[in-house]
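Thanks for coming. I will go through one structure this morning, starting with its packing and then moving on to its sheet.

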Amino acid sequence: MANRSASPPDDQASFIEDERGFFAEQLSKPKAIRKSTALDKEEPSAHYYGHRERLRTKYRDHGDTALADYEVLELLLFRLIPQRDTKPIAKALIDRFGTLAGVFGAPPALLQEVKGVGEAVALDLKLVATVGQRMLKSELRGKQVLSSWSSVIDYCHAAMAYESREQFRILFLDKRNALIADEVQGHGTVDHTPVYPREVVRRALELSATAIILVHNHPSGDPTPSRADIDMTKTIIDTAKPLGITVHDHIIIGKDGHVSLKGLRLI
């Protein structure tokens, strides 16, 4: 048998040599320095990450009484805006709307006027407000409303105090004065809502309600009743009474308080 050479052909030897040269050249080249990007700036070394952990620890160890309103809002914004320093945003919201309640009561369009608050964050803040209102409303279910008056006021204040337009709401009660329904009957302007006594009574009859509580807000913040408020209430009372429907009260809600027409002995 003829002896075969162990050496590769000239063209194969040349290929191997070229490959060795290529890899040697690559290893000898310095690695390119990658340019930093916006994402690099959001690494856990960002200054606000330590601040977030300290604030969470403060809340965990001492509860909400240890936190200012803007810090409570900041804790919430941690989850809504995960990659930004939320302290300036929380403070700007409080400065703009005055209180924590004012922030959650503000319309989404106004919330978005604060730098750093987009549509998604504004809607999430309103969702938190809705959860709070539903919790307060649930306190009224199955209870005699007249014996839970503070809960009624708390709920109405949360639902209406920061509305930018007047809103007319009716609480419909059964013969035990338990809540049957809570309905907004109309929206108006900044200082007036059209109310139709016959429609109020008609709806009460549809729900088999035997009593109602009238509620509306004053966007100006001052809950002092106007002459029109008093006259309208008396008209509804006169329309409802012959049909066996009692008007327990008419509550006017303002940002800083409320007024009861019955408490003022105006009805």
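Which residues have the most contacts inside the largest nonpolar core? Before I get to that, two notes on the basis. This is a predicted model, where local features need pLDDT of at least 70, side-chain atom pairs count only at pLDDT 80 or more, and totals for chains, interfaces and linings use all residues. Residues are numbered from 1 along each chain as its sequence is written, and side-chain values use heavy atoms, with hydrogens and water left out.

Now the core. The residues with the most contacts inside it are Leu73, Leu77, Leu93, Val103, Leu111, Val117 and Leu125, and the core has 19 residues. By nonpolar core I mean a set of buried Ala, Val, Leu, Ile, Met, Phe, Trp, Tyr and Cys residues joined through side-chain atoms within 4.5 Å. Buried is under 20% relative accessible area, exposed is over 50%, and partly exposed is in between, with a 1.4 Å probe and protein chains only. Two or more residues each come from α3, α4, α5 and α7, and α4 gives the largest share, five residues. Helices are DSSP runs of H or I with at least four residues, strands are runs of E with at least two, and both are numbered from the N terminus.

Take Leu93 as an example. Leaving aside neighbours within four places in sequence, Leu93 is in contact (heavy atoms within 4.5 Å) with Leu73, Leu77, Gly98, Val103, Leu111, Val114, Val117 and Leu125. Apart from this core lies another, of 18 residues, among them Tyr155, Ala211, Ile213 and Ile251.

Back to α4, residues 87-97. Its buried residues are Ile89, Ala90, Leu93, Ile94 and Phe97. They sit on the same side of α4, because they cover an arc of only 135° around the axis; the arc is taken over the directions from the helix axis to the C-beta atoms. What covers them includes α3 (69-80), α5 (100-105), α6 (108-111) and α7 (119-138). Just after α4, Gly98 has a positive phi of about 90°.

Next, the sheet. It is open, with five strands in the order β2-β1-β3-β4-β5 and mixed pairing; two strands pair if DSSP finds at least two bridges between them. β2 (179-187) and β5 (257-260) are at the edges with a single partner strand each, so one side of each has no neighbour in the sheet. Ignoring direction, neighbouring strands are turned by 20° against each other on average. Axes here are lines fitted to C-alpha atoms, for helices over the stretch in contact, and angles run from 0 to 180 degrees between N-to-C directions.

Strand β4, residues 246-254, pairs with β5 in the antiparallel sense over four bridges. Helix α9 (197-206) packs on the sheet, touching β1 (167-173), β2 and β3 (211-217), and its direction makes about 35° with that of β1. α10 lies across β1, β3 and β4, at about 160° to β4.

In α10, residues 227-240, we find Ala240. Is Ala240 buried or exposed? Its relative accessibility is 0%, so Ala240 counts as buried. Beyond neighbours within four places in sequence, Ala240 is in contact with Val201, Ile245 and Val247.

Last, α8. Its buried residues are Val152, Ile153, Tyr155, Cys156, Ala159 and Met160. These residues pack against α7, β1, β2, β3, β4 and β5.
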